[in-house]
Amino acid sequence: MAIREALILYQQDPHVIDSTEGLVIFSDSKSAIEAIRNGETNTPCHIITLLEQLHNKRKSCILQWIPAHVNIEVTELDCSRIITSAIARLRTEHLKGMKIHPDKTRSYVQCKHCPDLQLTPNHILECPAVATKLLKMGMVPPRDSLRETLYSPDAPRIAEAVIKIFDGI
């Protein structure tokens with residue numbers, strides 16, 4: 001239902017008509033994306049119709065599965081939806097306030113702790129404010145690559161620190 005509503009809202013946006021940009025919809029529901037691909041029920045069939053309408057307008061749409069719970073070794077009770085969402089945002093580098101430009105480059109909002117730097121996923125994990133928070137939580141700031149860090153068992157605690165420092169991402 002959320003994918004269908006996103007497509008409807010996208011098509012109703014007056015900026016879409018003049019835009020050359022396509023749409024990417026991220027979902028942590030692999031079964032929903034598979035149902036759309038297979039046209040198994042009425043809702044996926046309606047979504048396919050909406051996707052065809054976009055295609056006829058020369059607009060692209062990518063449905064991207066985000067495996068939000070993959071390689072996170074905690075229980076569902078320990079890993080709230082907010083933390084899971086933060087991990088998925090960092091993994092995809094798709095943060096709130098981010099803009100994707102026609103040349104496919106991305107720009108991010110400014111870091112409130114480091115005003116000269118953009119709040120990129122890499123900067124978030126390198127930001128002194130996050131490092132301080134992690135130390136207070138009894139953790140060592142990550143030295144691994146962004147990908148290794150976000151697929152490690154420490155990902156939920158790192159996301160928790162990031163959420164507290166930046167009020168969500």
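Modeller: Let's start with a handy rule: the expected span of a helix is 1.5 Å times one less than its number of residues. Keep in mind that this is a predicted model. The part I would pick is helix α5, which runs over residues 81-92. With 12 residues at 1.5 Å a residue, α5 should span 16 Å, and because its end C-alpha atoms are 16 Å apart, the model agrees with that expectation.

Now for the setting. The protein has 9 helices and 4 strands, and along the sequence they follow the pattern α-α-β-α-α-β-α-β-β-α-α-α-α. Across its 169 residues, 36% count as buried.

Back in α5, the buried residues are Ile83, Thr84, Ala86, Ile87, Ala88, Leu90 and Arg91. What lies over them? Their cover includes α6 (121-126), α8 (146-150) and α9 (155-166). For the protein as a whole, 58% of the contacts between residues at least 6 apart in sequence join residues at least 24 apart. Just after α5 comes Glu93, with a positive phi of about 60 degrees.

Val24, in strand β1 (residues 23-27), has 40% relative accessibility, so it counts as partly exposed. Together with Phe26 and Ile62, Val24 makes a nonpolar surface patch of about 240 Å². The accessible surface of the protein comes to about 10,600 Å², and carbon and sulfur atoms account for 52% of it.

Key: Residues are numbered from 1 along each chain as its sequence is written. This is a predicted model: local features need pLDDT of at least 70, side-chain atom pairs count only at pLDDT 80 or more; totals for chains, interfaces and linings use all residues. Side-chain values use heavy atoms; hydrogens and water are left out. Helices (H or I, at least four residues) and strands (E, at least two) are DSSP runs, numbered from the N terminus. Buried means under 20% relative accessible area, exposed over 50%, partly exposed in between (1.4 Å probe, protein chains only). Contact means heavy atoms within 4.5 Å. Accessible areas come from the Shrake-Rupley method with a 1.4 Å probe; for residues, only the protein chains shown count as cover. Patches are made of residues with over 30% relative accessible area and no salt bridge: like charges are joined within 9 Å, nonpolar side chains (Val, Leu, Ile, Met, Phe, Trp, Tyr) within 5 Å. A salt bridge is a side-chain nitrogen of Lys or Arg within 4 Å of a carboxyl oxygen of Asp or Glu.
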